[in-house]
Amino acid sequence: MRKNIMLWVLLLATCLGLAFPASAAELETSTAPAMAVASTQAGWVKQGGVWYYYRDGHAVTVWLKDGKKWYYFNADGAMQTGWQKVGRTWYYLAAGGEMQTGWLKDGGKWYYLNADGAMQTGWQKVGGTWYYLSTDGAMQTGWQKVNGAWYYLAAGGEMQTGWQKVGGKWYYLNADGAMQTGWLKDGGTWYYLSADGAMQTGWQKVNGTWYFLAAGGEMQTGWQKSGGEWYYLDNSGAMQTGWLETGNHLYFLADDGVMLRSSGWVIDGEVYTFDANGYATPEVVANDPWRAYELEVVLLVNEIRVENGLDELEENWYLSRVARYKSADFRDKGYFDHQSPTYGSPFEMMQAYGIDYMAAGENIAYGYPTPESVVTAWMNSPGHRANILNGSFTTIGVGCVQDDYGIPYWTQMFIG
(Lines give C-alpha, C1' and ligand atoms only; values in the text may rest on other atoms or scores of the structure.)
Protein backbone atom coordinates (compact mmCIF):
# COMPACT_ATOMS: atom_id res chain seq x y z
CA MET A 1 0.00 0.00 0.00
CA ARG A 2 2.87 2.50 0.88
CA LYS A 3 4.57 1.68 -2.39
CA ASN A 4 1.42 2.56 -4.23
CA ILE A 5 1.11 5.89 -2.40
CA MET A 6 4.74 6.81 -3.20
CA LEU A 7 4.23 5.84 -6.82
CA TRP A 8 1.13 8.05 -7.11
CA VAL A 9 3.05 10.98 -5.54
CA LEU A 10 5.84 10.54 -8.03
CA LEU A 11 3.44 10.34 -10.93
CA LEU A 12 1.64 13.43 -9.71
CA ALA A 13 4.89 15.37 -9.40
CA THR A 14 5.91 14.39 -12.87
CA CYS A 15 2.65 15.50 -14.29
CA LEU A 16 3.01 18.87 -12.55
CA GLY A 17 6.57 19.39 -13.97
CA LEU A 18 8.36 19.11 -10.62
CA ALA A 19 11.93 17.67 -10.34
CA PHE A 20 13.99 16.34 -7.41
CA PRO A 21 17.82 15.77 -7.32
CA ALA A 22 18.68 12.13 -7.32
CA SER A 23 20.64 12.51 -4.07
CA ALA A 24 22.06 15.01 -1.55
CA ALA A 25 25.38 14.81 -3.29
CA GLU A 26 23.80 15.78 -6.56
CA LEU A 27 22.08 18.67 -4.85
CA GLU A 28 25.46 19.99 -3.44
CA THR A 29 27.22 19.75 -6.78
CA SER A 30 24.61 21.60 -8.68
CA THR A 31 24.06 24.39 -6.21
CA ALA A 32 27.52 25.10 -4.67
CA PRO A 33 29.50 28.08 -6.07
CA ALA A 34 32.77 27.44 -7.98
CA MET A 35 34.90 28.28 -4.93
CA ALA A 36 33.02 25.65 -2.94
CA VAL A 37 33.84 23.05 -5.58
CA ALA A 38 37.56 23.91 -5.44
CA SER A 39 37.66 23.90 -1.69
CA THR A 40 37.71 20.13 -1.77
CA GLN A 41 40.78 20.18 -4.08
CA ALA A 42 44.50 20.93 -3.67
CA GLY A 43 47.27 22.52 -5.78
CA TRP A 44 46.74 24.66 -8.88
CA VAL A 45 43.18 25.39 -9.93
CA LYS A 46 42.09 27.70 -12.75
CA GLN A 47 38.75 29.43 -12.23
CA GLY A 48 37.32 32.09 -14.50
CA GLY A 49 40.63 32.41 -16.31
CA VAL A 50 42.48 33.03 -13.02
CA TRP A 51 44.89 30.67 -11.32
CA TYR A 52 44.67 29.83 -7.64
CA TYR A 53 46.67 27.51 -5.46
CA TYR A 54 44.94 25.53 -2.75
CA ARG A 55 46.42 23.96 0.31
CA ASP A 56 44.37 22.13 2.95
CA GLY A 57 41.23 23.32 1.21
CA HIS A 58 42.18 27.01 1.36
CA ALA A 59 43.44 29.34 -1.37
CA VAL A 60 47.02 30.49 -0.74
CA THR A 61 47.61 34.24 -0.44
CA VAL A 62 50.87 36.23 -0.59
CA TRP A 63 54.05 34.24 -1.47
CA LEU A 64 54.21 30.59 -2.51
CA LYS A 65 57.24 28.55 -3.50
CA ASP A 66 56.33 25.74 -5.85
CA GLY A 67 59.30 23.66 -6.89
CA LYS A 68 62.08 26.18 -7.29
CA LYS A 69 59.84 29.06 -8.32
CA TRP A 70 58.12 31.77 -6.33
CA TYR A 71 54.61 33.05 -7.03
CA TYR A 72 52.54 35.83 -5.51
CA PHE A 73 48.79 35.77 -4.79
CA ASN A 74 46.61 38.66 -3.75
CA ALA A 75 44.24 38.69 -0.78
CA ASP A 76 41.62 36.90 -2.88
CA GLY A 77 44.09 34.16 -3.71
CA ALA A 78 44.44 35.14 -7.40
CA MET A 79 47.92 34.55 -8.85
CA GLN A 80 49.54 37.86 -9.89
CA THR A 81 51.61 38.79 -12.95
CA GLY A 82 53.61 41.88 -14.00
CA TRP A 83 54.83 44.48 -11.51
CA GLN A 84 53.69 43.97 -7.95
CA LYS A 85 54.50 46.11 -4.93
CA VAL A 86 54.72 44.09 -1.76
CA GLY A 87 55.32 46.20 1.29
CA ARG A 88 57.75 48.83 -0.01
CA THR A 89 59.40 46.58 -2.59
CA TRP A 90 58.61 46.00 -6.23
CA TYR A 91 58.73 42.56 -7.84
CA TYR A 92 58.10 41.35 -11.37
CA LEU A 93 56.15 38.22 -12.10
CA ALA A 94 56.18 36.63 -15.56
CA ALA A 95 53.02 35.76 -17.53
CA GLY A 96 53.16 32.35 -15.88
CA GLY A 97 53.39 34.00 -12.45
CA GLU A 98 57.01 33.08 -11.81
CA MET A 99 58.96 35.74 -9.83
CA GLN A 100 61.84 37.10 -11.93
CA THR A 101 65.46 37.79 -10.94
CA GLY A 102 68.45 39.34 -12.69
CA TRP A 103 68.11 41.65 -15.69
CA LEU A 104 64.60 42.25 -16.99
CA LYS A 105 63.46 44.28 -20.00
CA ASP A 106 59.97 45.70 -19.72
CA GLY A 107 58.43 48.46 -21.83
CA GLY A 108 61.74 49.06 -23.57
CA LYS A 109 63.59 49.65 -20.28
CA TRP A 110 65.97 47.45 -18.34
CA TYR A 111 65.55 46.68 -14.66
CA TYR A 112 67.60 44.63 -12.23
CA LEU A 113 66.01 42.29 -9.69
CA ASN A 114 68.23 40.79 -7.02
CA ALA A 115 68.28 37.12 -6.00
CA ASP A 116 65.23 37.75 -3.79
CA GLY A 117 63.40 39.26 -6.75
CA ALA A 118 63.41 42.79 -5.32
CA MET A 119 63.75 45.59 -7.88
CA GLN A 120 66.96 47.55 -7.29
CA THR A 121 67.66 51.28 -7.46
CA GLY A 122 70.83 53.40 -7.27
CA TRP A 123 74.28 51.98 -7.90
CA GLN A 124 74.42 48.23 -8.47
CA LYS A 125 77.47 46.10 -9.19
CA VAL A 126 76.59 43.18 -11.44
CA GLY A 127 79.24 40.78 -12.70
CA GLY A 128 82.03 43.16 -11.71
CA THR A 129 80.44 46.11 -13.55
CA TRP A 130 78.65 49.11 -12.05
CA TYR A 131 75.23 50.24 -13.28
CA TYR A 132 72.96 53.06 -12.14
CA LEU A 133 69.22 52.51 -11.73
CA SER A 134 66.85 55.45 -11.25
CA THR A 135 64.34 55.68 -8.43
CA ASP A 136 61.79 53.87 -10.64
CA GLY A 137 64.34 51.09 -11.20
CA ALA A 138 65.08 51.85 -14.87
CA MET A 139 68.72 51.33 -15.92
CA GLN A 140 70.29 54.64 -16.99
CA THR A 141 72.60 55.44 -19.90
CA GLY A 142 74.57 58.52 -20.96
CA TRP A 143 75.44 61.32 -18.53
CA GLN A 144 73.99 61.00 -15.04
CA LYS A 145 74.47 63.34 -12.08
CA VAL A 146 74.53 61.47 -8.77
CA ASN A 147 75.15 63.24 -5.45
CA GLY A 148 76.71 66.22 -7.22
CA ALA A 149 79.09 64.19 -9.42
CA TRP A 150 78.71 63.37 -13.09
CA TYR A 151 79.06 59.82 -14.44
CA TYR A 152 78.89 58.40 -17.94
CA LEU A 153 77.11 55.12 -18.65
CA ALA A 154 77.51 53.30 -21.96
CA ALA A 155 74.58 52.23 -24.16
CA GLY A 156 74.55 48.95 -22.23
CA GLY A 157 74.43 50.85 -18.92
CA GLU A 158 78.02 50.05 -17.90
CA MET A 159 79.67 52.83 -15.84
CA GLN A 160 82.73 54.12 -17.70
CA THR A 161 86.18 55.09 -16.39
CA GLY A 162 89.29 56.68 -17.92
CA TRP A 163 89.18 58.72 -21.13
CA GLN A 164 85.83 58.78 -22.90
CA LYS A 165 84.88 60.59 -26.10
CA VAL A 166 81.30 61.85 -25.99
CA GLY A 167 79.77 64.12 -28.60
CA GLY A 168 83.15 64.82 -30.15
CA LYS A 169 84.72 65.89 -26.82
CA TRP A 170 87.06 64.04 -24.48
CA TYR A 171 86.30 63.58 -20.79
CA TYR A 172 88.14 61.82 -17.98
CA LEU A 173 86.36 59.66 -15.41
CA ASN A 174 88.30 58.49 -12.37
CA ALA A 175 88.41 54.94 -11.04
CA ASP A 176 85.10 55.58 -9.24
CA GLY A 177 83.55 56.80 -12.49
CA ALA A 178 83.27 60.45 -11.40
CA MET A 179 83.93 63.03 -14.14
CA GLN A 180 87.01 65.16 -13.45
CA THR A 181 87.48 68.91 -13.90
CA GLY A 182 90.50 71.22 -13.63
CA TRP A 183 94.07 69.98 -13.83
CA LEU A 184 94.54 66.23 -14.31
CA LYS A 185 97.80 64.28 -14.40
CA ASP A 186 97.53 61.05 -16.37
CA GLY A 187 100.51 58.89 -17.29
CA GLY A 188 102.94 61.64 -16.28
CA THR A 189 101.23 64.23 -18.52
CA TRP A 190 99.08 67.17 -17.43
CA TYR A 191 95.70 67.95 -19.01
CA TYR A 192 93.16 70.65 -18.29
CA LEU A 193 89.42 69.90 -18.14
CA SER A 194 86.89 72.73 -18.15
CA ALA A 195 84.07 73.12 -15.61
CA ASP A 196 81.87 70.91 -17.82
CA GLY A 197 84.61 68.25 -17.90
CA ALA A 198 85.65 68.71 -21.55
CA MET A 199 89.38 68.36 -22.25
CA GLN A 200 90.84 71.66 -23.45
CA THR A 201 93.35 72.40 -26.20
CA GLY A 202 95.23 75.50 -27.34
CA TRP A 203 95.67 78.54 -25.10
CA GLN A 204 93.91 78.38 -21.75
CA LYS A 205 93.93 80.97 -18.97
CA VAL A 206 93.75 79.34 -15.55
CA ASN A 207 93.76 81.45 -12.39
CA GLY A 208 95.29 84.38 -14.28
CA THR A 209 98.06 82.33 -15.94
CA TRP A 210 98.23 81.26 -19.58
CA TYR A 211 99.00 77.66 -20.59
CA PHE A 212 99.25 75.98 -23.97
CA LEU A 213 97.75 72.54 -24.57
CA ALA A 214 98.52 70.45 -27.65
CA ALA A 215 95.86 69.04 -29.97
CA GLY A 216 95.86 65.89 -27.81
CA GLY A 217 95.35 68.02 -24.67
CA GLU A 218 98.89 67.58 -23.30
CA MET A 219 100.19 70.63 -21.40
CA GLN A 220 103.29 72.01 -23.11
CA THR A 221 106.55 73.34 -21.67
CA GLY A 222 109.58 75.07 -23.17
CA TRP A 223 109.47 76.84 -26.51
CA GLN A 224 106.16 76.66 -28.38
CA LYS A 225 105.21 78.18 -31.72
CA SER A 226 101.61 79.32 -32.02
CA GLY A 227 100.11 81.50 -34.72
CA GLY A 228 103.55 82.13 -36.20
CA GLU A 229 104.96 83.49 -32.92
CA TRP A 230 107.24 81.90 -30.32
CA TYR A 231 106.33 81.60 -26.65
CA TYR A 232 108.13 80.11 -23.67
CA LEU A 233 106.41 78.01 -21.01
CA ASP A 234 108.25 77.11 -17.80
CA ASN A 235 108.32 73.65 -16.23
CA SER A 236 104.91 74.26 -14.66
CA GLY A 237 103.52 75.12 -18.10
CA ALA A 238 103.02 78.81 -17.28
CA MET A 239 103.62 81.26 -20.13
CA GLN A 240 106.55 83.54 -19.39
CA THR A 241 106.92 87.29 -19.93
CA GLY A 242 109.86 89.66 -19.53
CA TRP A 243 113.51 88.69 -19.69
CA LEU A 244 114.36 85.04 -20.15
CA GLU A 245 117.81 83.47 -20.11
CA THR A 246 117.93 79.91 -21.40
CA GLY A 247 120.35 77.90 -23.50
CA ASN A 248 123.07 80.55 -22.99
CA HIS A 249 120.94 83.13 -24.76
CA LEU A 250 118.89 86.07 -23.56
CA TYR A 251 115.35 86.68 -24.83
CA PHE A 252 112.59 89.12 -24.07
CA LEU A 253 108.95 88.07 -24.03
CA ALA A 254 106.31 90.79 -24.34
CA ASP A 255 103.32 91.07 -22.00
CA ASP A 256 101.36 88.76 -24.32
CA GLY A 257 104.21 86.24 -24.19
CA VAL A 258 105.45 86.82 -27.75
CA MET A 259 109.24 86.56 -28.17
CA LEU A 260 110.66 89.83 -29.52
CA ARG A 261 112.55 89.97 -32.79
CA SER A 262 114.03 92.87 -34.82
CA SER A 263 115.59 96.10 -33.49
CA GLY A 264 114.61 99.30 -31.74
CA TRP A 265 113.00 97.91 -28.62
CA VAL A 266 113.32 100.18 -25.57
CA ILE A 267 113.27 98.19 -22.34
CA ASP A 268 114.01 99.72 -18.94
CA GLY A 269 115.51 102.76 -20.62
CA GLU A 270 117.87 100.88 -22.93
CA VAL A 271 117.57 100.06 -26.61
CA TYR A 272 117.86 96.42 -27.65
CA THR A 273 118.15 94.46 -30.84
CA PHE A 274 116.84 90.92 -31.16
CA ASP A 275 117.93 88.79 -34.09
CA ALA A 276 115.70 86.38 -36.07
CA ASN A 277 116.18 83.75 -33.34
CA GLY A 278 115.20 86.19 -30.62
CA TYR A 279 118.72 86.51 -29.22
CA ALA A 280 119.14 89.86 -27.46
CA THR A 281 122.14 92.17 -27.88
CA PRO A 282 122.29 95.58 -26.13
CA GLU A 283 122.65 98.84 -28.00
CA VAL A 284 123.81 100.93 -25.05
CA VAL A 285 122.25 104.35 -24.78
CA ALA A 286 125.02 106.90 -25.38
CA ASN A 287 124.29 108.95 -22.26
CA ASP A 288 124.55 105.97 -19.87
CA PRO A 289 127.92 106.37 -18.11
CA TRP A 290 127.13 103.67 -15.57
CA ARG A 291 127.63 100.85 -18.05
CA ALA A 292 131.29 101.81 -18.37
CA TYR A 293 131.59 101.87 -14.55
CA GLU A 294 130.08 98.41 -14.35
CA LEU A 295 132.51 96.99 -16.91
CA GLU A 296 135.41 98.62 -15.08
CA VAL A 297 134.44 96.81 -11.88
CA VAL A 298 134.47 93.52 -13.82
CA LEU A 299 137.94 94.30 -15.16
CA LEU A 300 139.31 95.10 -11.67
CA VAL A 301 137.78 91.96 -10.15
CA ASN A 302 139.32 89.75 -12.83
CA GLU A 303 142.76 91.32 -12.33
CA ILE A 304 142.53 90.45 -8.62
CA ARG A 305 141.41 86.90 -9.34
CA VAL A 306 144.27 86.28 -11.77
CA GLU A 307 146.74 87.61 -9.21
CA ASN A 308 145.33 85.03 -6.79
CA GLY A 309 145.60 82.15 -9.24
CA LEU A 310 141.90 82.02 -10.13
CA ASP A 311 140.14 82.03 -13.48
CA GLU A 312 138.58 85.24 -14.72
CA LEU A 313 134.83 85.65 -14.41
CA GLU A 314 132.70 86.01 -17.52
CA GLU A 315 130.52 89.10 -17.47
CA ASN A 316 126.90 88.24 -18.16
CA TRP A 317 125.05 91.24 -19.48
CA TYR A 318 121.68 89.94 -18.30
CA LEU A 319 123.01 89.23 -14.79
CA SER A 320 124.30 92.83 -14.80
CA ARG A 321 120.75 94.01 -15.65
CA VAL A 322 119.45 92.16 -12.61
CA ALA A 323 122.23 93.65 -10.44
CA ARG A 324 121.26 97.09 -11.72
CA TYR A 325 117.63 96.48 -10.80
CA LYS A 326 118.77 95.61 -7.27
CA SER A 327 120.79 98.86 -7.02
CA ALA A 328 117.79 100.82 -8.29
CA ASP A 329 115.68 99.14 -5.63
CA PHE A 330 118.07 100.45 -2.92
CA ARG A 331 117.72 103.94 -4.29
CA ASP A 332 113.98 103.89 -4.86
CA LYS A 333 112.90 102.06 -1.67
CA GLY A 334 115.36 103.77 0.69
CA TYR A 335 116.98 100.68 2.21
CA PHE A 336 120.37 98.95 2.09
CA ASP A 337 120.29 95.21 2.68
CA HIS A 338 120.72 91.92 0.87
CA GLN A 339 117.05 91.17 1.60
CA SER A 340 114.89 93.25 -0.74
CA PRO A 341 111.31 94.20 0.14
CA THR A 342 110.61 93.90 -3.60
CA TYR A 343 112.58 90.86 -4.74
CA GLY A 344 113.33 88.93 -1.56
CA SER A 345 116.81 87.41 -1.18
CA PRO A 346 119.45 87.74 -3.95
CA PHE A 347 118.87 84.09 -4.78
CA GLU A 348 115.09 84.51 -5.05
CA MET A 349 115.63 87.52 -7.28
CA MET A 350 117.95 85.61 -9.63
CA GLN A 351 115.48 82.76 -9.86
CA ALA A 352 112.62 85.17 -10.53
CA TYR A 353 114.55 86.50 -13.52
CA GLY A 354 115.23 83.01 -14.84
CA ILE A 355 118.91 82.81 -13.89
CA ASP A 356 120.10 79.27 -13.17
CA TYR A 357 123.03 78.56 -10.89
CA MET A 358 124.68 75.94 -8.72
CA ALA A 359 126.32 78.54 -6.46
CA ALA A 360 125.59 82.25 -6.07
CA GLY A 361 126.65 85.31 -4.07
CA GLU A 362 126.14 89.04 -3.80
CA ASN A 363 128.18 92.11 -2.78
CA ILE A 364 126.53 95.50 -2.24
CA ALA A 365 127.80 99.00 -1.44
CA TYR A 366 126.82 102.67 -1.71
CA GLY A 367 128.54 106.05 -1.59
CA TYR A 368 131.77 104.98 -3.34
CA PRO A 369 132.24 107.33 -6.31
CA THR A 370 134.45 105.17 -8.56
CA PRO A 371 134.92 101.53 -9.55
CA GLU A 372 138.38 101.52 -7.93
CA SER A 373 137.08 102.80 -4.59
CA VAL A 374 134.22 100.33 -4.33
CA VAL A 375 136.37 97.31 -5.32
CA THR A 376 138.98 98.35 -2.75
CA ALA A 377 136.31 98.58 -0.06
CA TRP A 378 135.02 95.13 -0.93
CA MET A 379 138.50 93.61 -0.85
CA ASN A 380 139.02 95.09 2.63
CA SER A 381 135.93 93.29 3.92
CA PRO A 382 136.44 89.53 4.60
CA GLY A 383 132.94 88.50 3.49
CA HIS A 384 132.99 90.54 0.27
CA ARG A 385 136.57 89.48 -0.46
CA ALA A 386 135.52 85.81 -0.12
CA ASN A 387 132.89 86.27 -2.84
CA ILE A 388 135.37 87.94 -5.22
CA LEU A 389 137.87 85.12 -4.70
CA ASN A 390 135.39 82.25 -4.67
CA GLY A 391 136.64 79.54 -7.04
CA SER A 392 133.11 78.15 -7.50
CA PHE A 393 131.94 81.26 -9.32
CA THR A 394 132.30 81.53 -13.08
CA THR A 395 130.09 84.50 -13.97
CA ILE A 396 129.69 88.07 -12.72
CA GLY A 397 127.14 90.83 -13.16
CA VAL A 398 127.56 94.42 -11.91
CA GLY A 399 124.87 97.08 -11.59
CA CYS A 400 125.30 100.74 -10.64
CA VAL A 401 122.79 103.61 -10.34
CA GLN A 402 122.92 107.13 -8.87
CA ASP A 403 120.35 109.02 -6.81
CA ASP A 404 119.35 112.66 -7.16
CA TYR A 405 122.23 113.66 -4.89
CA GLY A 406 124.82 111.90 -7.01
CA ILE A 407 125.34 109.02 -4.55
CA PRO A 408 126.13 105.73 -6.35
CA TYR A 409 124.58 102.39 -5.35
CA TRP A 410 126.51 99.25 -6.29
CA THR A 411 125.57 95.57 -6.63
CA GLN A 412 127.77 92.64 -7.64
CA MET A 413 126.18 89.28 -8.38
CA PHE A 414 128.13 86.04 -8.80
CA ILE A 415 126.98 82.66 -10.07
CA GLY A 416 128.64 79.36 -10.81
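Me: Let's start with a single residue. Is Asp311 buried or exposed?

Reply: Asp311 is exposed, because its relative accessible area is 64%. The classes are buried for under 20% relative accessible area, exposed for over 50%, and partly exposed in between, with a 1.4 Å probe and protein chains only. The areas themselves come from the Shrake-Rupley method with that 1.4 Å probe, and for residues only the protein chains shown count as cover. Before we go on, note that this is a predicted model, where local features need pLDDT of at least 70 and side-chain atom pairs count only at pLDDT 80 or more, while totals for chains, interfaces and linings use all residues. Residues are numbered from 1 along each chain as its sequence is written, and side-chain values use heavy atoms, with hydrogens and water left out.

Me: Where is Asp311 placed, and which patch does it belong to?

Reply: Asp311 sits in the loop between helix H4 (290–307) and strand E27 (314–315). Helices (H or I, at least four residues) and strands (E, at least two) are DSSP runs, numbered from the N terminus. Together with Glu303, Glu307 and Glu312, Asp311 forms a negative surface patch. A patch takes residues with over 30% relative accessible area and no salt bridge, joining like charges within 9 Å and nonpolar side chains (Val, Leu, Ile, Met, Phe, Trp, Tyr) within 5 Å. Lys and Arg count as positive and Asp and Glu as negative, while His and the chain ends are not counted. The place of a charge is NZ of Lys, CZ of Arg, CG of Asp or CD of Glu.

Me: How many salt bridges are there, and what is the rule?

Reply: The rule asks for a side-chain nitrogen of Lys or Arg within 4 Å of a carboxyl oxygen of Asp or Glu. By this rule the count comes to eight salt bridges.

Me: Which residues are linked in a network of salt bridges?

Reply: The network links Arg291, Glu294, Glu315, Arg321 and Arg324. Begin with Glu294 and Arg291, whose closest N and O atoms are 3.5 Å apart. Being three residues apart in helix H4, they are separated by about one helical turn. Glu294 counts as buried at 1% relative accessibility, and Arg291 is also buried, at 11%. Arg291 forms a salt bridge with Glu315 too, the closest N and O atoms being 3.2 Å apart. Glu315 lies in strand E27 and Arg291 in helix H4, so this pair ties together parts that are 24 residues apart in sequence. Glu315 counts as partly exposed, at 22% relative accessibility.

Me: E27 has come up again. How should I read the sheet it belongs to?

Reply: In general, strands of a sheet pair through backbone hydrogen bonds, either parallel or antiparallel. Two strands pair here if DSSP finds at least two bridges between them. The sheet with E27 is open and has four strands in the order E27-E29-E30-E28, with mixed pairing. E27 and strand E28 (360–366) stand at the edges with a single partner strand each, so one side of each is left without a neighbour in the sheet. E28 pairs with strand E30 (residues 408–415) in the antiparallel sense over seven bridges, and Ala365 stands opposite Trp410 in E30.

Me: What does the hairpin of E4 and E5 look like?

Reply: Strand E4 (residues 62–66) and strand E5 (residues 69–73) run antiparallel and are joined by five bridges. Asp66 stands opposite Lys69 in E5. Two residues lie between the strands, and Gly67 takes a positive phi near 70 degrees.

Me: Which residues other than glycine have a positive phi?

Reply: Val62 is one of them, with a phi of about 65 degrees. Val62 lies in strand E4 and is partly exposed, with a relative accessible area of 38%. Asn207 also has a positive phi, near 50 degrees. Asn207 lies in the loop between strand E18 (202–206) and strand E19 (209–213), and counts as exposed at 78% relative accessibility.
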